[in-house]
Amino acid sequence: MDDDRYGSDVLSGDWRSKGVKKVRQVPLERDMVLEDPASGWAGAVVGLEAGNVSLEDWKGRTRAFPFDGQFLLEGELVTLGRPQAPVGRSAAAAPPARRPGAGPTVRHASDGGRLRTASGSFAVESQRARIALPSRIMVEGKHDAELVEKVWGADLRVEGVVVEELSGVDNLAEVLDEFRPSRERRVGVLVDHLVPGSKESRFADAVMRGKWGAHVLVVGHPFVDVWQSVKPARVGLTAWPKIPRSIEWKKGICQALGWPNAEQADIARAWQRILGQVRTFADLEPALLGRVEELIDFVTEPTA
């Protein structure tokens with residue numbers, strides 16, 4: 001009899017990989033920002049030597065991690081592939097100058113002791129804030145604006161970029177109609193919970209397809225609220241609690257943490273408590289970092 005009443009051999013084929021989530025491999029590039037999941041160390045790639053990749057944080061400190069390990073890239077767990085171009089640089093190499101109109105610079109080891117902003121870019125000393133550009137960055141609410149200001153405020157003042165609150169993405173279409181974006185008046189928008197199928201994603205798609213789409217960039221992070229973009233370890237958590245949809249998210253977070261939450265003032269104090277733990281870009285999730293810098297680059301790109 002040819003029939004096997006018990007089915008095929010369960011050990012045949014690639015049985016070890018069944019049910020195991022595959023981790024994407026990305027080519028290593030100089031200046032890409034990676035995070036070591038075990039230690040929480042985050043920094044830009046500044047070298048590859050003896051099987052180790054060197055990551056430099058915002059203070060110019062460098063740590064080496066095994067090249068064949070796993071890292072977080074914009075919140076996604078990845079492995080590293082061989083670089084397509086050299087990632088190191090000579091000790092005498094100077095960091096590139098900041099281009100007029102560009103967003104924050106990357107982090108470099110050989111900085112000659114120069115100061116850095118909370119975003120990790122070189123501080124521009126003895127320079128007053130520029131007159132505000134006509135372009136704008138818009139965020140959903142007050143907490144988003146306060147977080148952007150705390151980490152990127154120094155960079156934004158040098159570039160002359162103003163951050164405005166939308167009071168909800170629902171108002172975006174009306175705000176753009178009033179603002180009337182153009183090549184010289186760009187608008188970058190940061191949206192919470194921008195994931196496929198969400199209300200926010202539908203609003204973003206409609207705007208990008210609309211009459212202002214050529215001069216508007218809408219990007220977002222996957223978090224329910226900007227609170228989640230702060231690394232949970234900064235408030236003593238291993239992960240942000242999952243809150244049922246029947247409970248208002250911020251109120252539920254306060255309940256889970258044992259913080260007062262009966263009044264709006266309690267929620268405001270909770271946010272200030274969280275915001276107080278944020279000192280530099282290293283305190284934030286990569287999924288937010290890349291998006292904010294993308295917006296800064298978009299609204300400061302030279303028009304000529």
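Two strands pair if DSSP finds at least two bridges between them, and strands (E, at least two residues) and helices (H or I, at least four residues) are DSSP runs numbered from the N terminus. The views show a predicted model, in which local features need pLDDT of at least 70 and side-chain atom pairs count only at pLDDT 80 or more, while totals for chains, interfaces and linings use all residues. Residues are numbered from 1 along each chain as its sequence is written, and side-chain values use heavy atoms, with hydrogens and water left out.

Strand β2 (residues 33–35) and strand β3 (residues 42–49) run antiparallel and are joined by three bridges, with Ala42 of β3 as the bridge partner of Glu35. Six residues lie between β2 and β3 in this hairpin, and Gly40 in the turn has a positive phi of about 80°. β3 is also joined to β4 by five bridges, again in the antiparallel sense, and here Val45 stands opposite Leu55 of β4. The hairpin of β3 and β4 has two residues between the strands, and Ala50 takes a positive phi near 55°.

**View B. The surroundings of Asn52.**
Asn52 belongs to strand β4 (residues 52–56) and is partly exposed, with a relative accessible area of 30%. Apart from residues up to four places away in sequence, Asn52 touches Gly47, Ala64, Phe65, Pro66 and Phe67, where contact means heavy atoms within 4.5 Å. Between Asn52 and Phe67 there are 4.8 Å in space, C-alpha to C-alpha, although the two are 15 residues apart in sequence.

**View C. The open parallel sheet.**
Four strands in the order β9-β8-β10-β11 make up an open sheet with parallel pairing. β9 (162–165) and β11 stand at its edges, each with a single partner strand, so that one side of each has no neighbour in the sheet. From one strand to the next the twist averages 25°; axes are lines fitted to C-alpha atoms, for helices over the stretch in contact, and angles run from 0 to 180 degrees between N-to-C directions. β8 and β9 run parallel and share four bridges, with Val139 standing opposite Glu165 in β9. Helix α1 lies across β8, β9 and β10, and runs at about 180° to β9.

Strand β10 (residues 187–191) pairs with β11 in the parallel sense over five bridges, and Leu217 of β11 is the bridge partner of Gly188. The chain passes from β10 through helix α3 (residues 199–209) to β11 in a right-handed β-α-β crossover, which, with the strands pointing away from the viewer, runs clockwise from the first strand over the helix to the second. Five of the five residues of β11 are buried, so this strand is largely enclosed by the rest of the structure. Val216, Val218 and Gly220 point one way from β11, while Leu217 and Val219 point the other way.

Glu200, Ser201, Ala204 and Val207 are buried in α3. They cover an arc of only 130° around the axis, which puts them on the same side of α3; the arc is that of the directions from the helix axis to the C-beta atoms. Arg202 and Arg209, on the other side of α3, are exposed, whereas the cover over its buried residues includes α2 (172–179), β10 and β11. In α2, Leu172, Leu176 and Phe179 are buried, and they line one face of the helix because they fall within an arc of 65° seen down its axis. Glu174 and Glu178 are exposed on the other side of α2, and just after this helix Arg180 takes a positive phi of about 55°.

**View F. The nonpolar cores.**
A nonpolar core is a set of buried Ala, Val, Leu, Ile, Met, Phe, Trp, Tyr and Cys residues joined through side-chain atoms within 4.5 Å. The largest has 40 residues, and those with the most contacts inside it are Ile137, Leu147, Trp152, Leu190, Trp227, Ile274 and Leu284. Among the elements that give two or more residues to this core are β8 (136–139), α1 (142–159) and α6 (286–300), and α6 gives the most, with seven residues. Beyond its neighbours within four places in sequence, Ile137 has contacts that include Leu156, Val163, Gly188 and Leu295. A second, separate core of 15 residues includes Leu34, Trp41, Phe71 and Leu73.

Definitions and conventions: Buried means under 20% relative accessible area, exposed over 50%, partly exposed in between (1.4 Å probe, protein chains only).
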